[in-house]
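Here is a short briefing to read with the model open beside you. Take a look at the structure first, then follow the points below.

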Amino acid sequence: MSGNKGNESLKKSLILLSERPEDKVFAEQVCKSTGLHLKTTAETEEAVQALSQDAHPVIFVDGSTEKLYTNFEESVGKTLGIFSEKVQPNAIHFLTDDEVSQAPFLAQSQILGNFVTRDPEDSIASGRHYGRIVKAATKGTPFDLSEVFQKDAKTQAIEIESVTHKQKTLEAVKAYLLAANWTPRTANRITSSVDELLMNAFYDAPLAAGLTSDATYPSLNLNEISKRANVTLRLAFDGVYFGVSVTDFYGSLDKGRLMKHIAKEFSKSEYKVKASSFNAGIGLSIVHQTGGSLLFMSQTNVKTEAMLFFKKTDKFKDFKRQFRFVSTQFYF
Amino acid sequence: MIQVVREQKGSISVYKLSGNISEDTHFDDVMGPSNPEMEINCKGILRINSMGVKAWIKYFQTCQKSGTKLNFSECSTAIVEQINLISNFTCGGTVESIYLPFSCLSCKTELSGLFKTEDLKKMKMNLPTLKCTKCSGKAEFDDIPEDYLAFLGQ
């Protein structure tokens with residue numbers, strides 16, 4: 001395993017299990033942003049060994065094919081055990097060339113924490129941006145959007161007391177983007193994604209927490225719900241990346257269900273309207289397919305913050321092709 | 001909120017839709033009962049969320065089941081995106097025309113051009129350029145053709 005020398009051994013490490021040069025460039029940028037010490041190997045056993053020895057390491061794994069993934073999972077299972085304390089999905093990042101929907105072996109994985117779709121055109125810039133996510137996550141405690149952007153951007157937080165304020169909030173988000181010179185089409189696209197996150201927070205989060213049922217929608221009048229109904233919207237823009245997050249105070253997100261929703265593609269299968277459920281079940285799939293990166297930070301029974309990141313581009317086609325990831329950070 | 005203006009063109013009922021489609025949209029109320037031949041003009045639709053998609057499909061599937069001939073015209077980019085994302089979004093109807101997004105290479109202004117789907121099929125992804133209405137510069141198609149026009153191949 002190759003790595004930097006000197007005092008680096010005292011630092012927390014980033015283990016890179018990949019033979020691809022662009023992954024090394026990407027990981028080096030992440031290390032620059034985070035201060036992690038890079039250890040690179042092409043040997044699965046060696047990477048898993050390092051995972052077992054280092055204190056709270058971060059690991060980037062080439063998950064381009066099912067075979068590569070299976071090798072890693074089997075090795076982890078044999079050496080550590082899938083449910084070992086040493087195996088922290090929050091710190092496991094799979095690097096792929098595909099979208100989540102094209103890699104079901106990763107989307108359904110027990111050890112998936114972070115799904116990164118490579119940007120073949122700019123591993124340096126994407127590594128720098130992703131480094132902020134890794135830096136916030138390596139603290140090991142729940143974090144919010146402002147901690148991802150840190151001093152790079154001014155963050156605004158808005159408390160939304162009721163779903164009846166959703167439309168006004170969305171228009172405010174759109175106005176914010178237009179004022180920052182985002183194109184109208186991109187501003188509409190981002191606003192639609194924020195709409196989905198707000199609906200998840202207002203409708204799906206209390207449902208997942210078992211505090212309401214489809215039959216009680218849309219009247220959210222239960223005592224417990226009214227106490228926890230507030231949603232926080234955060235906006236941040238550093239001139240290149242726009243971040244927006246929606247926080248609910250239920251902490252009811254389930255990773256398996258989340259990934260299933262994100263990975264579903266309705267362009268290949270028919271969408272069936274379920275009259276018995278209030279929600280549509282397609283929101284996250286649409287958000288994911290229409291661009292941007294997703295990060296879900298969930299503290300069980302406390303809160304869930306769903307974050308979206310979009311790169312500002314001159315052309316819409318570049319906006320669609322931007323570097324993307326789906327990240328989950330769960331704290332119990 | 002969605003606004004609907006209804007006109008009658010011979011035997012065809014034309015519905016001009018504008019605004020945003022969401023969980024607050026009740027198609028039965030704003031559109032009324034289905035007619036044998038309906039043209040849905042989607043030029044003014046800016047956004048549609050997942051609950052709006054659900055309401056849309058529920059309404060137009062009912063129309064489809066009652067034998068209505070559905071024709072979607074002047075579909076905005078927001079609607080074209082949904083047609084590509086949801087395989088049964090048009091509920092058996094035909095897509096007559098759509099707006100294509102363009103971006104000026106000089107001043108970066110966003111433009112849109114209306115094209116008949118039949119003509120687009122003949123173009124085979126060789127899309128024309130437009131003249132920018134703001135600076136007269138050249139504006140080119142600003143999306144990924146294989147994505148934006150995917151529904152043509154279905």
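This is a predicted model. In chain B, strand β6 (residues 97-104) and strand β9 (residues 138-141) run antiparallel and are joined by 3 bridges.

- An open sheet is built from 4 strands of chain B, ordered β7-β6-β9-β8, with antiparallel pairing.
- At its edges lie β7 (110-116) and β8 (130-131) of chain B, each of which pairs on one side only.
- Look for B:Ser103 and you will find its bridge partner, B:Glu140, in β9(B).

**How the two chains meet**
- Contact involves 39 residues of chain A and 31 residues of chain B.
- Together the two chains bury about 3,000 Å², with 51% of it on carbon and sulfur atoms.
- A:Arg185, A:Tyr271 and A:Val273 account for 19% of the area chain A buries against chain B, more than any other three residues.

**Polar and charged links**
- Between chain A and chain B there are 9 salt bridges.

**The chain A side**
- Helices α7 (166-179), α8 (184-208), α11 (283-289) and α12 (316-320) of chain A each bring at least two residues to the side that touches chain B.
- The most comes from α8(A), with 11 residues.
- Sorted by class, this side of chain A holds 12 nonpolar, 13 polar and 14 charged residues.

Terms used: Residues are numbered from 1 along each chain as its sequence is written. Chains are lettered from A and ligands numbered from 1 in the order in which they are written. This is a predicted model: local features need pLDDT of at least 70, side-chain atom pairs count only at pLDDT 80 or more; totals for chains, interfaces and linings use all residues. Side-chain values use heavy atoms; hydrogens and water are left out. Two strands pair if DSSP finds at least two bridges between them. Contact means heavy atoms within 4.5 Å. Buried area is the accessible area (1.4 Å probe) that two parts lose on being put together, summed over both. A salt bridge is a side-chain nitrogen of Lys or Arg within 4 Å of a carboxyl oxygen of Asp or Glu. Ala, Val, Leu, Ile, Met, Phe, Trp, Tyr, Cys and Pro count as nonpolar, Asp, Glu, Lys and Arg as charged, and the others, Gly among them, as polar.
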